[in-house]
Structure formats: structure tokens, C-alpha cells
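Let's take a guided walk through this structure together. Have your viewer open and follow along as each section comes up.

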Amino acid sequence: MLSAILTWYLVLQGLALAGTPLALAWLRHLPSRGYAAAKALGLLLTGVLFWWGCILHLWANTAAAALTSAALIFALGLWLLRGRWGEVAAWWRENRRFVVVTESLFLLALIAWALVRAAQPQLETAGGEKWMEIAFLNAVLRAPAMPPHDPWLSGYAISYYYLGYLLLGLVTRLSGLPATVAFNLGNAGWYALAAVGAYGIVYDLLAPRVGKVRDAVRPLFAPLLLLVTGNGEGLLESLHSRGLLPPAFWAWLDIRNLDGAPQPPFSWIPQRFFWWWQASRTLRDYSPWGEYLEVIDEFPAFSFILGDMHPHVLALPFVLLIVALALNLYRRGAPARVWDWKTLLPRLTPLLPYAIVLGTLGFLNTWDLPIYWALMFGALVLGRISDTDDALETVVASSTREAWPPLFERAWRLAPEGVFLGVLSIALYFPFWYALRSQAGGILPNLFNATRLPHFVVMFAPLLVPLGGLLVGAARRARLSLWAILGWNAAFLGGIAVAGLIMGAAAAYPYLMSILRRETVQGYSLSPEQTTAAVLNRLANPWVGGLLALGVSICVLTFMRRMEHTEKEAVSSDSADLFPLLLAFLGLGLTLAPEFLYLKDIFMTRMNTIFKFYFQAWVLWSLAGAWQLARWTTPDDAEDAPSPVRRYGLAALSGLLILAGLVYTFLAIPARAQEHGVPWTLDGAAWLDARYPQDAAAIRWLNTNVTGVPVIVETPADAHRAYAYEGRVASLTGLPTVLGWSSHELQWRGNYDEPGQREVALEQLFTTLDPEVARQVLAHYAVEYIYVGPVEIGRYPADGLAKFAAMFPTVYAADGVTIYRVRP
């Protein structure tokens, strides 16, 4: 196990080395020069170049091509660093402590989380997506070219954001480790990449405030808040398990599995099976007739403890990389001159590398692309005035729209940069977008559910005090009056109400007709009485939306005030707290949006919108909160600084809530490990030898003896039973099967046409007694291997399976598993 960890560490460090010269040259506006971000940058750009080479058929999907890509990225960085070695030497002398802490943090985080994964290694199917994820990883490793094939729908490419699996596959290929080991090490490696990425961002935010001796310790608040701290549900689990607090409190709190009276035996350690899962379902929605609706509210600590390598986890280090790039843009500054076609190209060209990296988010976790486009554009707008503009009055004085506030004027002048970033970030990955199919079906108004304030507080408890302190401090430094804040908040909520009325008017007639006819509305079959009761209940819970809107108003007013420049008052636009405030502002927007809107999908609820938006809000607020905590714990002699009593008091209160969040993490890790109850190992498929030894042996034979991507047929999962053991051969070999998890194919492709046809065909294949009918099905799907194991024997009639022995040669037969070769 230790040798596997060391190998993984060395490969990741090799890819980090490939990106380090480029980071030092490109991110020179950051005090750290992007040293921590270089680890993710090297891996990401190597993967992007490797992918494009495969798409253009410049090389095959091999380790040699991956090494070539890394070497080219390294060479590009060296070329860009030419003539700057003196700067790098000076930077090294000033930042050696930071480098040592970064490397120590990376190594310790990797080892620590690899040990966590070794205690809970199974790639099991219950309660997670690992079966799907290992299938994608193995498909990426097997695919001769790009895009990789869909292992659960032969003949089709993956219709999902798969760049994260390609990056994981690239590291796997270079390490030479089995995919089932690399999966768990990938979880640990991504954890370590995220830890140093968050650390580097907060280091850069703090560096200007600490003089010549830069603080390399307080930025460690960032990985603590981002990755280690859980939400408040773990503490509630412990209190409930101990039998504390009256039943009325638990009924009022209304968190699923905690809403009943505590039952003996009482213990500080929760005893309910799978209790740690509930933290990711803290929010609770209801249908209009009172039926529980699942809402996913994951946070990074939960996601890493769960151990899935889902796109939101795979994208996390690269999200942090883009935050670092946005901070570099913020510090670099941007011209705010009147649009001029002659100077437009020189203005836009420097943004090309930013678009290259930003565009990968669409390919990693599509939901993240518009979020971090907004961050980059916001950084441009709020960033310092570049050297080409002497002061902010240049913007105001030259304005052709003098009635506009300077903030909006500057945004207008930088619109070409924003459009360029957005369009190019998509265009650069056109082959991916062209092949993608999705279940997304537009935006729907949230008619019936508002987040309850207690649920929101439990969800974000460790982050709320630093967030509140950041907002209050920003308002105070911007000298915002309470009336101005309340006025803007009223206007903002009024705008939301008007927009809601417009949307409602547009949809009123069909909704009204559906309700009166007792037909379906957004997945609900409603009566007029139920509709009225549900809407009134929704209006009775305005607190989360109202408070979030208040925070948004404070941010917008602060941005506007900081951009103003008058004879009496001049506030620099590169103030230290503007970028953390921008992070807080985006998080507020992400948590506010699902109060009113959600993305339409096959579930017809706001489940996935909350999931994707809240996760990113946690990321953004943890960075902003870490900065605020570091400020509170740093001596500050500025006139407008809070008193030491207030600063340390707020820091202590934050510390108590962080400790409350750590209860979840330190109880959930052993609870998760105890569920597995297996010897420590990093091999996620080791459990198969104990539970399904016949399949384990046959899958090893396939991985050893079958090359390329021939189609294999096995039992598909039942359409009504997701997270099943079926699909196991395709998952653990990467070989394309005719149909795997059909319910997931529906989610990925937005329709059930092809999976539905294949379900019928496979049922016919395994049950018919007519060899000719079977041959027609096999030929239609170009099947080369038939897998008959315990699952097939338990599901299909014996005579239907026996026909294959008379039709095709047997290439493997052992312990109840037979594999037939259809084509010689």
C-alpha cells in the first residue's frame, strides 16, 4: 500500500513540475506566483493537450502521449520564463516558508486521505455512484481514441462531462497501478490538490497585509473550512443519539431521521446505520400534499468521506485553480477604455489562456462553467485600474453614459472581455459540446418550496459567522447606511417579485388549466386546494430568501461605493476585501437562486440545483471565511479595524461552530469504515473476492486476456432499480456492454428511446430458444462476448442460457461463470 501511495505521489508531483514554470510566469501578479495552483495546472493542461491530440488523431491514448503532453507544457513554461529567472530567485527567497508548507500540506493530505480510503475502499453499488465512475475510468483507459465509449451503452460515446475521468485515467496510466487501486488514490490525490489550492488562494489574499514576512500559517484555515469541517448535522446526530433536547425540538427541526423522539440505548456516538449520510440531506422539501422530497446538499467533507469520484469532486481542484486565476486577473487589472476596434484584439488576446482553463469546467462539471465565468468577469470589473488608466476618474470622465454608476460603466466597458471569455471557453471544447446530450430542459419557477431557516443554518453553520463578519465589515468600511441597505434590499426583492409575476403570467394559463383539470404541474398532480395551501406555506417561510437578498444588497452597494471617486472621498478599487467579498457575493447568489428557480430535469424538483449550487457556495464561502478568520486573528492597527475584543470574540465564536462541524467529520470517518469491515487495502475491488468470487476471477481473466473494446453482453440493471450490481463486467473491465444502468442512461441522454429498445432486445436474447433470433440480436449490437454468471443464471431461464453452449465456443468456464466468444 505504501508503495502505491508513493508512486501516486511521484506521478502527481511530476505533473506539478510540468505546470510550475508556466504558473510562475503566468500568475506573476499573485504573491505566491501560483506555486500551489501549479499542481492542478500541470495536470489539467497536460490532460487538455493530451485530449486534443487524441481528438485530432495526432497520437493514440497511450502513456507515451501523456508524457509528451506533459513535456510540451513544461517546455512552454520554460520558454515563458526566459529572462525572468532573477524574479523567480527573488520570489523564492521571500516565499521559501510558503513553499515548504505547501509541499508538506500536499504530502500529509495525500497520505492521510489515502489511509481513510484504505479503511473504506469498496467500489460498492449501494448509496453512491462508484459503479458508474469506475466504469468511466476503465472506459477511458481502454479507449483507443477520444471520445471514450460509453461502457453501458455500446456503440455510443460517453454523454457526460468526462474530463475528470480522463485526468484520473492519465495519472492511472502513468502510475501503472490497477484502476481499482487508482480510484481510491485518486480520491486522496484530489483531496490533496484541493487542500493546497485553497491554501494558496488565501495566502495570496493575505500576503499584502503582512509586510515583508508573509504569514504561511493562517492560510491553513482554508483547507480546514473547505475539506475538513462538516456541517452542523453531525453534532445534532450526536445530541439526538444521546437523548438530549425535548421531542418537540426535534419535530420542529424536521430533519429526516432526527424528527422523532430519541430512543434508547443512548450514546454520544450515533448508532443508526448509515447515519452519516443524512448530513447531505439536511434540507427537506415537501410535495403540495406533504410527501417528502429528497434534496441533496453535499459539502466537500461529506463527498470525500463518501468516496465517490463524481464530477463535482473531480472538478474541485480545478475550480480552485480558476479562483486563483480570477485573483490573478483581479490583481493584474484591466483597461476600462471606450471600445475601440483597433485596440480590441490586443485587449482580448491576453485572456486566451484564461479561456482555455475556464472552458475545462464545462467539460469537468458543466454546472460550474457559468458560475466561474461570473467570478472571472467580476474580478475584471472590480480589479484595479490597469497602468493604461491612471485613475478611476478616467473611466468616469470619459463616460458616454454619465448617468450610469461607475461600477456599471466599468462593466459595460469590459463587456468585450466577458463575451470573449464566455464564447471562447465553449468554442475551444466544441467536440465535447457537440457530442453531449443532456436531461436539462430549461428553468422552472420554484412554486412550492422555500428553504427553512433552521435547515440553512445547520447546513452552513461553520461558515456563517465569518461570512456575516465579512459582510458587516465591508458595509462599515464602505460607510453604508442601514436605510440604503434596506432600500436596495426592498428594490432587489421587488425586482424578484416582478420577475416572478412575469414568469407566472406567462405560465399562468396552462398552470391554471392544469390545476383545474387536476393534471400534472411540475411533476405534481394538484387540486386547487392543495395548490393554495402549498403556495401559502411557501410564502410563510421567507427568511432564507430575505436574508440572502440582504447580503446581496450589501455586496452590490459596497462594490458601487468602492468604485465611486469624488473630490471628498476616494476609495481604491483594489482594497483587500473586495475579492473575498466577490466570493461571498457569488455564494449568496448561488444559495438565493434555488429559492425562486431551479433547472428542470427528469426529477422535476430542485434537488440537483440545490446540490450543485450549495456545493459551490460552500467552496466560495470557505475561502472568504478563511480570509476573514485570518484577519480577525491578525493584529490590525488600522483606524477602521474592529477592536481586539470584538475580533477575537468573533474568531472564538467561529471556532466553536467549526468544532461543531468537525464533530461530523471525526464521527463519520470511523462510522463509514465500520460499515465496510474489511482489511485495509486500496484495492476497491478486493471485496469481490469474498462476496462474488466467481465474477472476480472471470473479470480478472477478461482484463488479462481481452484487448481493445469488443462488445460484451451481460444482464442489464432493472430500469426501476438504480445502484444495482448489474453492469459489473462493463464497470470493472471498461468493455462496452449492450446495456448497463438504464436509469443513468436516461439521466445522461434525456430520453429512454435507445435503452428501452435494448431492454426488450436483451430480454429476448437471454430467453428465446430460437438460435436465429439470438444471432440477429447479437449481430445488431456487434456483440463479441457473452457473459453468463450468477446474476444471469439467477434471472433468466436455464434453457434460454443453455443455447449459447451449442452456438458458440467457450473461452472461459470456471466456478459457475461461462464466457462465450461470438466472433472468432
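Where is Asp815 found? Asp815 lies in the loop between β9 and β10. Please keep in mind throughout that this is a predicted model.

## The whole protein

Here is some context before the details. The protein contains 35 helices and 10 strands. Of its 824 residues, 59% are buried. The accessible surface is about 31,600 Å², and carbon and sulfur atoms account for 65% of that surface.

Sequence separation gives another view of the fold. Taking contacts between residues at least 6 apart in sequence, 79% join residues at least 24 apart.

## The hairpin at Asp815

Back to the opening residue. β9 and β10 form a hairpin with 2 residues between them. Asp815 sits in this turn and has a positive phi of about 55°, although Asp815 is not a glycine. Is Asp815 buried or exposed? With a relative accessible area of 58%, Asp815 is exposed.

One of the pairings to look for is Ala813, whose bridge partner in β10 is Thr818.

## The sheet around the hairpin

Which order do the strands of this open sheet follow? The sheet has 4 strands, arranged β7-β8-β10-β9, with mixed pairing. β7 (711-713) and β9 (810-814) are at the edges with a single partner strand each, so one side of each has no neighbour in the sheet. On average, neighbouring strands are turned by 15° against each other, with direction ignored.

β10 also pairs with β8: strand β8 (residues 783-788) and strand β10 (residues 817-821) run in the antiparallel sense over 4 bridges. Along this pairing, Ile786 stands opposite Tyr820, and the bridge partner of Tyr785 is Arg821. β10 is mostly covered, with 4 of its 5 residues buried.

Now turn to the start of the chain. The axes of helix α1 (residues 2-26) and helix α2 (residues 38-55) come within 6 Å and cross at roughly 105°. Since angles from 65 to 115 degrees count as roughly perpendicular, α1 and α2 are therefore roughly perpendicular to each other.

Which residues meet where the helices cross? On the α1 side they are Gln13, Leu15, Ala16, Gly19, Thr20, Leu22, Ala23 and Trp26. On the α2 side they are Ala38, Lys39, Leu41, Gly42, Leu43, Leu45 and Thr46. Sorted by class, this contact has 9 nonpolar, 5 polar and 1 charged residues.

## A covered helix

Helix α31 (residues 742-749) is worth a stop as well. This helix is mostly covered, with 6 of its 8 residues buried. The buried residues are Ser742, Ser743, His744, Glu745, Trp748 and Arg749.

What covers the buried residues of α31? The cover includes α5 (130-142) and α32 (753-767). Just after α31, Gly750 takes a positive phi of about 80°.

## A buried threonine

Thr591 is part of helix α25 (residues 578-592). Its relative accessible area is 0%, so Thr591 is buried.

Which residues does Thr591 touch, leaving out those up to four places away in sequence? They are Phe456, Phe460, Leu548, Tyr614, Ala617 and Trp621. For Phe456, the separation from Thr591 is 135 residues in sequence, while the C-alpha to C-alpha distance is 9.5 Å.

## Backbone details in the loops

Finally, some backbone geometry to check in your viewer. The peptide bond from Met146 to Pro147 is cis, with omega near 0°, and Pro147 is in the loop between α5 and α6 (163-175). Another cis peptide bond joins Pro264 and Pro265, where omega is about 0°.

Pro265 belongs to the loop between α10 (247-253) and β1 (285-286). Asn257 is also placed in the loop between α10 and β1. Asn257 has a phi near 70°, a positive value in a residue other than glycine. Its relative accessibility is 40%, so Asn257 counts as partly exposed.

Note on methods:
Residues numbered from 1 in each chain as written. Predicted model: local features only at pLDDT ≥ 70, side-chain atom pairs only at ≥ 80, totals over all residues. Heavy atoms only, no water. Axes fitted to C-alpha atoms, helices over the stretch in contact; angles between N-to-C directions. Parallel < 35°, antiparallel > 145°, perpendicular 65-115°, else oblique. Contact = heavy atoms within 4.5 Å. Nonpolar A, V, L, I, M, F, W, Y, C, P; charged D, E, K, R; others polar. Buried < 20%, exposed > 50% of the residue type's maximum accessible area, 1.4 Å probe, protein only. Areas by Shrake-Rupley, 256 points an atom, 1.4 Å probe, with all protein chains shown as cover. Pairing = 2+ DSSP bridges.
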